[in-house]
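Subject: Structure for your review

Dear colleague,

Please find the sequence and structure below.

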Amino acid sequence: MAADTPPKVLFEHEGVFIHSNEDGEEPDLLVSGFLRLIDKDGETIVEYKPLEDSVDPSNMLCAGKDSSSVMEWAQCPGEERSTPQQAVVEQQQSYETEWDMINAVSFPKRKPCSNGEGALNHTHEKSKWAFTFSVWDLRSITVKEEGSSRLMFRLKEPPTSLPVLHFHQGGSEDFLDCLRRYALITEAPDDETCLLVSTPNRALSQSFENLLDDNNYGLVTKLKNDPYVTTLGGFSKVTNYIFDAFRGPELEQQQRPLEEMADLDILGLGEVIPGLEINQQEEPGFEVITRIDLGARPEVTRRQPLSAEDWAEHQEKGGRMKNVPHLKKIIFKGGLCHAVRKEAWKFLLGYYPWDSTYEERKGLQRRKTDEYFRMKLQWKSVSEEQERRNSRLRDFRSLIEKDVNRTDRTNRFYEGIDNPGLVLLHDILMTYCMYDFDLGYVQGMSDLLSPILYVMENEVDAFWCFVSFMDHMHQNFEEQMQGMKTQLIQLSALLRLLDLAFWNYLESQDSGYLYFCFRWLLIRFKRELSYPDVLRMWEVMWTGLPCQNFHLLVCCAILDSEKRKIMEENYGFNEILKHINELSMKLDIEEILHKSEAICMQIRSCKDLPHSIIEILGFNTESELPRLEGREFGTLDSPQSPRPTQRQEVFSNGHNGHYREPPQNGCKVTFIS
């Protein structure tokens with residue numbers, strides 16, 4: 001993967017001024033600077049900087065020990081630190097200084113807002129006037145011609161007006177002419193001084209390269225040797241030769257290695273994932289089921305996201321959470337507002353025990369911070385000579401560096417060159433290799449960490465939340481891929497129960513193995529949904545409601561919405577694969593969650609469910625649900641401790657909530673139409 005291209009200056013003009021007191025009530029100070037248009041990785045950036053601008057330490061957001069805590073170290077005049085959380089941060093910062101030796105990350109300062117988003121913040125007499133924004137975020141430009149030209153930029157969300165730029169030495173028209181090459185600028189119908197700015201929608205870039213540039217027959221070998229890269233990258237660029245490579249009538253006439261011939265029958269997944277084949281023969285140990293009438297699908301309702309006020313109402317004075325089952329139900333029904341996520345995710349993922357107090361959580365964070373940095377120091381202190389003799393660590397580092405540079409680069413938190421967010425992403429993944437060296441790093445794990453780090457904005461908290469998430473996703477990334485095998489079998493069983501005719505159609509098109517859902521399951525719809533929708537989907541699933549393996553019903557809901565088009569258009573193998581892949585970024589999260597919950601209620605209401613379906617969705621433990629929902633989750637264990645079992649009841653990954661071994665042939669189901 002090539003390194004990011006350096007920023008390209010599209011336009012630059014010095015002698016652009018800001019009048020510090022536009023209202024004229026105080027003596028005016030002219031701030032002289034330069035205005036630039038920059039191309040950064042295909043995105044057009046507007047940047048204004050005062051001349052002789054210097055770096056002000058108080059204008060940086062940095063961490064003490066975790067190199068990531070996005071909190072202000074210096075406050076603006078008139079501001080007060082009053083919340084308990086801010087007091088905790090102050091104490092944590094003083095404690096963290098001993099770890100500064102392995103710290104090298106800082107963030108440009110942004111003022112904390114109630115909605116969790118950053119805003120412009122100015123503290124230095126000159127540097128406070130600097131600003132940068134993407135043309136994508138520009139709503140309008142107001143142009144005034146009174147002696148000299150003046151431009152005023154207004155951003156979209158939140159609606160923000162930036163300082164007025166005065167072009168005393170000309171240059172405003174040249175700037176606008178250059179901007180017109182990268183955005184559509186039109187005059188507002190009711191105000192001739194206002195120019196409206198619109199830009200094409202940004203497409204979310206794929207994080208893995210296209211692997212379909214080699215010879216046709218190499219894809220089977222790639223899939224067998226590295227299914228993660230092939231699935232995440234290769235399937236994102238579907239061409240007609242996929243169909244030819246695997247299903248063409250000339251297959252028998254081609255001379256190929258015998259091991260590849262054995263893979264061709266099910267796209268290589270039978271060899272990659274042993275036992276994946278869905279056997280439709282009636283054999284001993286199979287549960288033979290006739291068509292089942294599930295009845296009408298009920299209507300369900302959803303609500304608005306849980307607000308900060310609602311969250312506070314579920315918190316006792318000392319910090320303990322109360323009425324947890326009800327709280328989880330609210331989160332399942334509507335998700336969380338972004339301002340609550342940083343704290344709530346720690347509970348949902350099991351980092352914080354639900355019954356812990358503020359003081360107990362403070363002590364937990366202190367212990368976990370020490371634990372994290374001891375592990376981080378392990379790989380930080382490995383010399384180049386040592387690493388040359390440690391091929392596994394060397395391979396982990398190489399793979400992590402490669403993936404980090406192409407993970408979510410269109411997200412503001414990770415965009416641009418030398419972004420501190422990328423450094424944190426790299427460091428957390430490297431430290432996870434120390435935490436679980438048996439697994440280390442596998443491609444796809446960066447996709448799971450990225451949203452967590454984005455929400456936490458803190459290296460240590462993000463690491464332990466990621467550890468908890470990986471406890472439940474671990475089998476997806478193991479060499480034998482047991483988790484993926486189990487989930488694909490279970491998904492096939494659920495789809496056949498819900499719509500046998502559709503499943504039969506897919507089977508007739510060599511798609512009955514549902515391999516096109518591989519990416520959905522592997523990284524929990526991370527590539528299929530927009531970034532805000534991923535956050536909503538994950539927090540809903542982390543509640544553990546309304547059943548086990550709810551993510552499988554999400555898959556069924558998406559397929560249910562697409563089955564009509566697939567069947568009416570008579571899509572074949574290649575068309576199905578292409579169609580499912582092209583759903584990325586086009587899915588309606590609320591529609592999916594509505595339908596998924598309704599499907600769950602529809603199945604639950606059926607009195608004669610097959611035993612295997614009951615096991616998959618955990619309906620056999622329904623009587624235990626109130627107890628499980630109210631149970632408090634334990635703290636994270638040390639890296640040397642075995643994986644905890646308490647938290648595994650929160651949400652599941654292709655297994656029942658207790659991670660019990662399934663009965664022999666428990667997932668093998670034969671449906672007779």
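How many residues lie between S11 and S12 in the hairpin that they form? There are 2 residues between these strands.

Before the details, a word on conventions. This is a predicted model, in which local features need pLDDT of at least 70 and side-chain atom pairs count only at pLDDT 80 or more, while totals for chains, interfaces and linings use all residues. Residues are numbered from 1 along each chain as its sequence is written, and side-chain values use heavy atoms, with hydrogens and water left out.

**Overall composition**

The chain has 25 helices and 14 strands; helices (H or I, at least four residues) and strands (E, at least two) are DSSP runs, numbered from the N terminus. Of its 673 residues, 55% are buried (under 20% relative accessible area, with exposed meaning over 50% and partly exposed in between; 1.4 Å probe, protein chains only). Among contacts (heavy atoms within 4.5 Å) with a separation of 6 or more, 72% join residues 24 or more positions apart.

Leu184 has Ser198 of S12 as its bridge partner.

Ile141 belongs to strand S7 (residues 138-146) and is buried, its relative accessible area being 0%. Beyond its neighbours within four places in sequence, Ile141 contacts Leu151, Met152, Phe153, Leu176, Leu179, Thr193, Cys194, Leu195 and Val197. Leu176 is 35 residues from Ile141 along the chain, with 9.5 Å between their C-alpha atoms.

**Helix packing**

H21 (residues 550-568) packs against H23 (residues 589-604) at about 110 degrees, and their axes are 8 Å apart. Axes here are lines fitted to C-alpha atoms, for helices over the stretch in contact, and angles run from 0 to 180 degrees between N-to-C directions. The two helices are therefore roughly perpendicular (65 to 115 degrees; under 35 is roughly parallel, over 145 roughly antiparallel and the rest oblique). The residues in contact include Phe550 and Leu553 of H21 and Ile592 and Ile603 of H23.

**Pro325**

Pro325 is in helix H9 (residues 324-334) and is partly exposed, at 28% relative accessible area. Pro325 and Leu545 are 220 residues apart in sequence, yet 9.8 Å apart in space, C-alpha to C-alpha.

Yours sincerely

Methods. Two strands pair if DSSP finds at least two bridges between them.
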